[in-house]
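Biologist: I would like to walk through this model with you. Shall we begin with the order of its elements?

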Amino acid sequence: MMRVYIAAPYAVRDTIKRLSADLWRIGFTVTSTWLDEAHEINAGTEGAATALDDDAVSAHARQDMADIDRSDVLVLYTAKACGAEGGGGRHIETGYALARDVPVIVIGEPENVFHRLGAPRVTVVPSWHEAVVELAHRLVAAGGAR
C-alpha cells in the first residue's frame with residue numbers, strides 16, 4: 001500500500017478531505033491526520049493558529065512531520081490550484097519531505113524554485129486527476145502494495 005501525505009492550505013481542509021477519499025477508495029493510505037482535525041477554520045486557526053495555545057500548535061506541527069515521515073510521497077496543492085493562499089505551512093511540509101527524500105507531486109504552477117527540482121524528487125502536474133494518475137503509475141512501478 002502506498003502512503004500519501006497531502007499538503008494544502010488549512011482553509012481547504014474539507015475539500016482536501018473529500019479528495020483524499022478518492023485515494024482511499026483506490027487503495028492508497030492517506031497519512032495527513034490534519035484532515036481530521038476538528039478546529040473551526042477561521043483567522044485564528046489558519047497560518048500561525050494564534051487562537052490555539054503553544055502546546056497545541058507544537059503538537060500539530062510534530063504530528064504533521066510524523067505523518068510525512070510515514071509517507072511514500074507528498075502531494076502538494078498550490079494556492080492557485082486550490083483557490084486559497086494559507087499561511088505557508090505546506091511549504092515547510094514540502095521542504096521537510098524533500099529533506100527526508102520523500103518525493104513530491106506538485107499540483108498547479110510551481111510557487112518557488114524547489115517545486116522545479118525535477119524528477120524524481122519533484123513532479124509537477126496540472127490537476128488532482130493528473131496527481132492520482134501519477135500516484136497510480138508510481139504504485140505500479142513499485143510493484144503494487146508495500
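Modeller: From the N terminus on, the elements run β-α-β-α-β-α-α-β-β-α. Helices (H or I, at least four residues) and strands (E, at least two) are DSSP runs, numbered from the N terminus. This is a predicted model: local features need pLDDT of at least 70, side-chain atom pairs count only at pLDDT 80 or more, and totals for chains, interfaces and linings use all residues. Residues are numbered from 1 along each chain as its sequence is written, and side-chain values use heavy atoms, with hydrogens and water left out.

Biologist: How many helices and strands does the protein have?

Modeller: The secondary structure is made up of both kinds of element. The count is five helices and five strands.

Biologist: What share of the 146 residues is buried?

Modeller: Buried means under 20% relative accessible area, exposed over 50%, and partly exposed in between (1.4 Å probe, protein chains only). By that rule, the buried share of the protein is 42%.

Biologist: Which residues have the most contacts inside the largest nonpolar core?

Modeller: A nonpolar core is a set of buried Ala, Val, Leu, Ile, Met, Phe, Trp, Tyr and Cys residues joined through side-chain atoms within 4.5 Å. In soluble globular proteins, nonpolar side chains tend to be buried together. Here the largest core has 35 residues, and those with the most contacts inside it are Ile16, Leu23, Leu74, Trp128 and Leu135.

Biologist: Is Thr123 buried or exposed?

Modeller: Thr123 sits in strand 5 (residues 122–125). Its relative accessibility is 16%. That is under the 20% limit, so Thr123 counts as buried.

Biologist: With which side chain does the side chain of Thr123 make a polar contact?

Modeller: A polar contact is a pair of N or O atoms within 3.5 Å; within protein, one must be able to donate a hydrogen and the other to accept it, and residues adjacent in sequence count only if both atoms are side-chain atoms. For Thr123 the distance is 2.9 Å, and the partner is Arg138.

Biologist: Which backbone oxygen lies 2.9 Å from a polar side-chain atom of Thr78?

Modeller: Thr78 is in the loop between strand 3 and helix 3 (79–82). At 1% relative accessibility, Thr78 is buried. The backbone oxygen belongs to Ile107.
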